[in-house]
Amino acid sequence: MRLALIAHDEKKDDLIEFANERKGDLEQFELMATGTTGQRLIDATGLDIERKQSGPLGGDMQIGAEIADDTCDGVIFLRDPLTAQPHEPDITALLRICDVHQTPLATNLASADAVLDELVDQLSGEE
């Protein structure tokens, strides 16, 4: 199973903390992330992560393409709801493609735990 990890600048530290806490679970997945987030996660956790472009440079769209191609099984995208993002249309498109393809999507830490728990259950055959 493939899982995408994305975080806005103000949420990157939260995603790193989450990844460290759930490292054992995350190691069971093929991981991908947008550029800066991916590098920060690699540096902080040692997880094996395929890095896409930075979000504003097309990374969100690259992950969206993976979802459309049915090669991404879930997305954890810690969004900053209080800061305007210059690439908001790309973000909206990514959220929409998750909905269109019924791809589990977490946008905060509470839903990240829930999505990861469900995907781990699927991996272990407890669907």
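User: Where is Arg51 found?
Analyst: Arg51 is found in strand β3. Strands (E, at least two residues) and helices (H or I, at least four) are DSSP runs, and they are numbered from the N terminus. Two notes on the model. It is a predicted one, where local features need pLDDT of at least 70, side-chain atom pairs count only at pLDDT 80 or more, and totals for chains, interfaces and linings use all residues. Residues are numbered from 1 along each chain as its sequence is written, and side-chain values use heavy atoms, with hydrogens and water left out.

User: Is Arg51 buried, exposed or partly exposed, and what is its relative accessibility?
Analyst: Arg51 counts as partly exposed, at 42% relative accessibility. The cut-offs: buried is under 20% relative accessible area, exposed is over 50%, and partly exposed is in between (1.4 Å probe, protein chains only).

User: Which residues is Arg51 in contact with, leaving aside neighbours within four places in sequence?
Analyst: Arg51 is in contact with Ala33, Gly35, Thr36, Gly38, Gln39 and Ile42, with neighbours within four places left aside. Contact means heavy atoms within 4.5 Å. Gly38 is 13 residues from Arg51 in sequence, and the two C-alpha atoms are 5.5 Å apart. The side chains of Arg51 and Gln39 are joined by a polar contact of 3.2 Å. That term means a pair of N or O atoms within 3.5 Å; within protein, one must be able to donate a hydrogen and the other to accept it, and residues adjacent in sequence count only if both atoms are side-chain atoms.

User: Gly35 is on that list. What does Gly35 touch?
Analyst: Beyond residues up to four places away in sequence, Gly35 touches Arg51, Lys52, Gln53 and Ser54. Gly35 lies in helix α3. At 3% relative accessibility, Gly35 counts as buried.

User: What does UniProt list for "binding site"?
Analyst: The UniProt entry, which is unreviewed, lists His8, Lys12, Thr34, Gly35, Thr36, Thr37, Ser54, Gly55 and His87. From this set, the lining of the largest pocket takes in His8, Lys12, Thr34, Gly35, Thr36, Thr37, Ser54, Gly55 and His87. UniProt positions are in the numbering used here, feature names are shortened, and annotations may be inferred rather than shown by experiment.

User: And where is the place of Thr34?
Analyst: Thr34 is in the loop between β2 and α3 (35-45). Thr34 counts as buried, at 4% relative accessibility. Residues up to four places away aside, Thr34 touches Leu5, Ile6, Lys52, Gln53, Gly55, Gly59, Asp60 and Ile63.

User: New topic. How many salt bridges does the count come to?
Analyst: The count comes to 11 salt bridges. Each is a side-chain nitrogen of Lys or Arg within 4 Å of a carboxyl oxygen of Asp or Glu. One of them joins the side chains of Glu66 and Arg2 (3.0 Å, N to O). This pair links distant parts of the chain, with Glu66 in helix α4 (residues 59-68) and Arg2 in strand β1, 64 residues apart.

User: Which residue forms a salt bridge with Glu66 at 2.7 Å?
Analyst: Lys52 does, with the closest N and O atoms 2.7 Å apart. Lys52 lies in the loop between β3 (49-51) and α4, and Glu66 in helix α4, so the pair ties together parts that are 14 residues apart in sequence. Salt bridges with shared partners join Arg2, Glu30, Glu50, Lys52 and Glu66 into one network. Glu66 is buried, with a relative accessible area of 14%. Arg2 is buried too, with a relative accessible area of 15%.

User: Last one. How many residues has the largest nonpolar core?
Analyst: It has 22 residues, and those with the most contacts inside it are Leu3, Leu5, Leu15, Leu31 and Ile76. β1 (2-7), α1 (12-21), β2 (30-33), β4 (74-78) and α6 (109-123) are the elements that give it two or more residues. Its largest share, five residues, comes from α6. A nonpolar core is a set of buried Ala, Val, Leu, Ile, Met, Phe, Trp, Tyr and Cys residues joined through side-chain atoms within 4.5 Å.

User: What is Leu3 in contact with, leaving aside neighbours within four places in sequence?
Analyst: With those neighbours left aside, Leu3 is in contact with Leu26, Phe29, Glu30, Leu31, Met32, Gly74, Val75, Ile76, Leu116 and Leu119.

Technical notes: On a 1 Å grid over the protein atoms alone, a cavity is a set of points where a 1.4 Å probe fits but cannot get out, and a pocket is an open set with protein on both sides within 12 Å along at least five of seven lines; lining residues have an atom within 4 Å of a point.
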